[in-house]
Amino acid sequence: MTTGALYETKPLNCWAKAKEIREEYYRDYANAHENGGIRWAGGAWTFGAIPCGLGDDVWSLTSEPYGASIAANKLFSLRCLEATEKAGYARDLCSYMRNYWGSILLNEYAFGGPFPKPDFIWQDHICCSHAKWYQVVSDLEGGIPQFCIDVSVGPYHEINELKLDYVVGQMHDGIEWLQKTTGRTYDDAKLIEAVYQECRSTALWAEISCLNKAKPAPLDEKTMYSLYVLGTLMKHSKVVADFYEELRDEVRWRVDNQIAAIANERCRLMSDTQPPWGFLSVFRYLEQFGAISVGSLYTFGLIGMFEVKPDGTWGPRTTPQEQGIEITDREQALRILADWNLSKPEWQHFYSPHLKTEMMVRIAREWSLDGVILHYNRGCEGLSIGIAENRLGLIEAGYPVMTFEGNMGDEREFDLPKTTARIDAFMETLGIKEI
Amino acid sequence: MITAGIDMGSKTVKVVIVKDGEIVGKHMLLAGFEAQEAAETAFAASLEAAGLTADDIEAIVATGAGRKNAPHTDRDITEVGSGAKGAHHLYPAVRTVIDVGAEEGRAIRCTEDGKVLDFALNEKCAAGAGAFTEAMSRALEVPIEELGPMSLQSQNPTPMNAQCAVFAESEVVSLLHARTPKQDIARSVHDAIASRIVSLAKKVGFEPEVVFIGGVAHNPGFVDSLERALECKVIIPEDPEFIGAYGAALAAAES
Amino acid sequence: MFTKMTEWEQNRHEYAQEWQKRTGGKVMGYFCTYVPEEILYAAGVLPVRILGSHEPQDVTEPHIFGMFCPFCRDCLAQGLKGRYDYLDGIMIAQSCLHIRQAYTSWQKHHPVAFDYYLCMPQRVQSPRALPYLTGELEVFKTAVEEWTGKTITDDDLDQSIAVYNENRRLLHEVYALRKQNPPLLTGEEAMEMVISAQMVDKVEHNAELKRVLAELPKRNGGRETGARLMILGSEDDDIEFINMFESCGATFVTDDHCTGTRYFWNEVIPRENRLEAIAARYIDRVPCPSKDWEERLRIDHIRQLARDWNVDGAVVIQQKFCDPHELDIPATRQALEDDGIRTLFLELDVTVPIGQFKVRAEAFIEMIGDEDLFD
């Protein structure tokens, strides 16, 4: 332990493995054609379990994490953004999307070589841009078959059979379309296995997030970004579910042994929306004050699936396998998959910011927070929708809130000195001095 | 107790010497390229005005955007903290402080005992209230001091959208070409900036009393626009641009 | 000729309150033209579209982050400022994320007796959308019945559909008079006509449209047509802007706006299940870009409009930050340019800098005119 430190800290043992899984993912996608495999593209939110029924040699490139990977490389990102602007697209559009398009326009893959064109597009439509993102991809690539599922059936507490039928019906159509598009026969057993794995990995991520309720927090949000990303790549894969299990065990061990993410935790915060990926140093800046962001609705609830436990607090959603449900056919698998995904915490706010405020206040309470830092993210209208109302709601609930404007994927819209100046003022109002 | 506050603003450096809560010396200089040098000069000048020497000063606190570069300081506080402290000391009933300087606009809400509850700063697209009025005074070929009184004579203000200062400047040029009276243009400029500042005040949920500090508080045209948009009167201290430095000097007396 | 419509458009609040008093009916403010007005009207409710007032305002900053479109903020400002306090209900049909925020903030900070969020499907191109929306409309109909205390019968729906379809047909007829040279009305008049249709009892609006249709052929010009333009893009009720453009030597002869053709283009085609017929109308209508996927069907429709109305140039506008339109504009402009139709792109805010836009308008009109010289 460093002299003067409150807690012992230690890097994660499974860190290298997370890195390896991510690197392999991008490599497998790029190399898929070498062995006769299939490449598809779609969002991190898409029903990725469904194309699994086409075989084990089907690889995906999820769009948001790919856009974020570009953003983390400032020089490449700038070239991508400029290429997109030159092609006539507005500068205030989703910055992941603009990075992604730029990568196509430049024909450069962020992980080396030319941009690997997908064989088909398998998307779901969550915000105004999601389906249209790929209309443009298809324009730029000279036409790619695409199928996009509409999930806009309302918040989870209002879900009924009619709403599920709409989503599940599209999934059935989607499977027919996949068979026609790829010429392959669909294997329901593989779908069922993928659905089990998806429920498992996303419940595990929720469990890991809940372990961060501990004081000191075993994980800081900056670290969580590198771990949760695996779920955004392939939440339906056994590799990710197994990794999350290993991670869950390690984090639990950290909690039991008071191993902290930062040595001097004295102020617990949460953020909101994607961070400005090129400037994660902001989180290190907080550490000078003994302040730690222990997560956010975004980091917890985009991949993690939660439910309210008997004691009234949030815990991981019980999986079908834990409930002893045996999935026997396609219809049942799709229904479970749809229902599971519609309960995603990070999905509810699309209908009402007030639902999101409720969840944020819950996190603030259960994760014992002292304050909240909201990223007014110019790069993503989908996650920034209603954020001003969230601010009002959190203040009303008694939590101090700081806001800063930035952009997850376009560094030109983020001002580091102004942001740290705001953090200084916020820490001052919280009565926290630099260590 | 004698203390000093140094406000390293983006355009000017302000120094205040405070003895038992009262300002006994003050000085302001353009920051220029050598802000540190300007601060030294302003510090010396304010000591001279107070009839004191550096040895008489028991503690010095810096504030402002460039506060980390201030000379002689014991510690620093943010411009949010110093503005609230200075305003609250002068007017204990203050609940909202509006601070408009050269490059930034701020709204701060505080408690009965002067503690900062919430604050809002302008975002990129609405930056530079002070600098913006200066640019407008150049476009209108009117000395900056006259811009305020001139706008008070406006008969027929036209609403304009000043989200972006660069775009607004060319809008002013269009208005000039359309032979819009300068008085009306001046009023539109003030109304547009005031509207942005009031948005910030509403964001923190402003309550009276409202104290208006920062250099722009000297502009009566802007004050008028601000009061109309807020639908309430604002209190302006005698030396509005020195309140940040004053708050820093008060903080120095506490430490 | 269009004084009545202009009056309605300008005195929208007075009209609605007067209607309320006169009929004892309820007034529903709605946020998007995907709201199935027929169902409301069948229950004796007057649906009025909530629009902004084009004045700078400072009340929405605490509620909507500045990267969302000025239109949604302007709409919310109207509610927060109490200009719509006479409304008995507010509702939205799901479309873009921007306008949704005007609804959710209004709902919380300026509550109204009845509010409703209709899950209008986004993927209107899926065959699954029709049964789904039909089901949602059944739920909606029940909610309206409970709210108004009135049972909505098939007869009520038939009558309502008939009134709405008549309005659509009459608007088409007036638009047809813009095909000829010179067009018998200006773009400004057309805009006032369609916007007033979104605010006025359709029975009254139909009567006025019939009067106008009888009078219009007697109109004898007196106005230079100049360039024949179309205007297309996001929500646009900026009459001052249209007027500025038309004073530079041009006339708008058609449009693709939700305050224009997109609002009235399609009729309800009768079916045994009335709600299904209504659902089909909203699914098959000329789409908002937010629902125009996976295929972009709207572009061909726009090209057809340009041909049918013999357009020389197209003004493509968007509300600042309007993502759905931004995502279609490059492809739309390309398609029009490929057809030999020059385009001018402009971004609208709550207020527009008339001076600066005038320069662009004049240059664009000049450019189109120059091209004619070499035809």
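Select Arg391(A) and Asp118(B): their side chains form a salt bridge, with N to O at 2.7 Å (a side-chain nitrogen of Lys or Arg within 4 Å of a carboxyl oxygen of Asp or Glu). The model is predicted, so local features need pLDDT of at least 70 and side-chain atom pairs count only at pLDDT 80 or more, while totals for chains, interfaces and linings use all residues. Residues are numbered from 1 along each chain as its sequence is written, chains are lettered from A and ligands numbered from 1 in the order in which they are written, and side-chain values use heavy atoms, with hydrogens and water left out.

Next, display helix H16 (387-396), strand E12 (401-406) and helix H17 (416-430) of chain A; each supplies at least two residues of the side that touches chain B (helices, H or I, at least four residues, and strands, E, at least two, are DSSP runs numbered from the N terminus). H17(A) gives the most, with 7 residues.

Now show the whole interface. Contact, meaning heavy atoms within 4.5 Å, takes in 19 residues from chain A and 17 residues from chain B. Arg422(A), Glu428(A) and Thr429(A) supply 35% of the area that chain A buries against chain B (accessible area, 1.4 Å probe, that two parts lose on being put together, summed over both). Across the interface there are 4 salt bridges.

Finally, turn to chain B and select its open sheet of 4 strands, ordered E8-E7-E6-E9 with mixed pairing (strands pair if DSSP finds at least two bridges between them). Strands E8 (116-121) and E9 (210-213) of chain B are the edges.
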